[in-house]
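The exercises below are meant to be worked through slowly, with the structure open beside the text. Try each task on your own before you read its solution.

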Amino acid sequence: MHAGPATSPEQTPARDSGRRRILARTRFDFWLDALLLLAYTLAYSLGFTGIAVHEWLGVALGAVLLVHLTLHWDWVVRTTRKLLGRGGRDRLIWLVNLALLISMTLCILSGVLISEVALEQLGLRPPGGPFWNQMHGTTATITLILVPIHAALRWRWIAGVARQLVTTRRAR
Amino acid sequence: MTFIRRLAVVVLVVAIIVAGAVLWSHASGGGNAGQRVPAPQVVERLARIRKDGLVGRPDTGPHLSNTSDLIRTCMIEAALAAFVIAISAIRRGRRRVRRTA
């Protein structure tokens, strides 16, 4: 059995810096995801935000979602490769994530195409039309169902990082 | 560099979904067809203007007093998340019992 290399004094700082980098990345992921959830909740509540904030939030959400997906792209590739061999939980998460990607993309696309304020402020005239209106309504409802499921399927990770953040802050 | 490469792949995936939606719109003949149908919010706003007269600028800012929409969204999200977490916790508990038995 391979026991692994013994830790020399020179290796410890490198390992520490690696661990620190992973912790910083985990924290960044946590706060970015929290921000996305907050922005999505606000953007969905049209009656609260008003049409202009709703539209601009939607556009910003689209840009940040690209970053979110890019940051987790290695998970997407890894899980897609292992999908046939594995069952259960990861497959469910993968399917929910795929459905959310499609519905969120369509929701933001249709939202841009039926925009009343944001694009006109930029001097553009979106085409609009009943097809995109209907698509925006349908995909918005689907995303409202999928977003909390997407978050809840990772509740152990969320709880773990939140606990870690609280204990780190207390230790300071 | 890795980030840029992955971002390019993600943008490509999103572009494929967008292209699919545009094709679907053209196939169903429901794109713009040269006409712009107003959204329900616009129709509602026009009805309000007809009733009350034109008051100030169009209603584009946030309505901080109208929290019922936000509360409803939060409640739907919380209920769905709680449901998924409860099922996950039950399944986890069952798996643990099976393993210890």
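**Exercise 1.** How many residues does the contact take from chain A, and how many from chain B?

*Solution.* Keep in mind that this is a predicted model. Begin by counting each side separately: the contact takes 37 residues from chain A and 40 residues from chain B. Next, look at which elements of chain A give two or more residues to the side that touches chain B, and you will find α1 (11–44), α2 (46–49), α3 (51–71), α5 (89–113) and α7 (130–152). Of these, α7(A) gives the most, with 10 residues.

**Exercise 2.** Which residues of the largest nonpolar core touch the most other members?

*Solution.* The core has 25 residues, and those that touch the most other members are A:Y40, A:L61, A:L106, A:C107, A:I108, A:L109 and A:W132. Then trace where the core comes from: α1, α3, α5 and α7 of chain A, together with α1 (2–27) of chain B, each supply at least two residues, and α7(A) gives the most, with 8 residues.

**Exercise 3.** Leaving aside neighbours within four places in sequence, with which residues is A:L106 in contact?

*Solution.* Within chain A, the partners of A:L106 are A:M135 and A:T139, while in chain B they are B:I17 and B:A21.

**Exercise 4.** Into which domains is chain B divided, and how far apart do their C-alpha centres lie?

*Solution.* First read off the bounds, which are 1–31 for domain 1 and 67–101 for domain 2 of chain B; the C-alpha centres of these two domains lie 33 Å apart.

How values were computed:
Residues numbered from 1 in each chain as written. Chains lettered and ligands numbered in written order. Predicted model: local features only at pLDDT ≥ 70, side-chain atom pairs only at ≥ 80, totals over all residues. Contact = placed C-beta atoms within 7 Å. Helix = DSSP H or I, 4+ residues; strand = E, 2+ residues; numbered from the N terminus. Domains from an automatic or database assignment. Core = buried A, V, L, I, M, F, W, Y, C linked by C-beta atoms within 7 Å. Buried ≥ 20, exposed ≤ 12 C-beta atoms within 10 Å, placed from the backbone.
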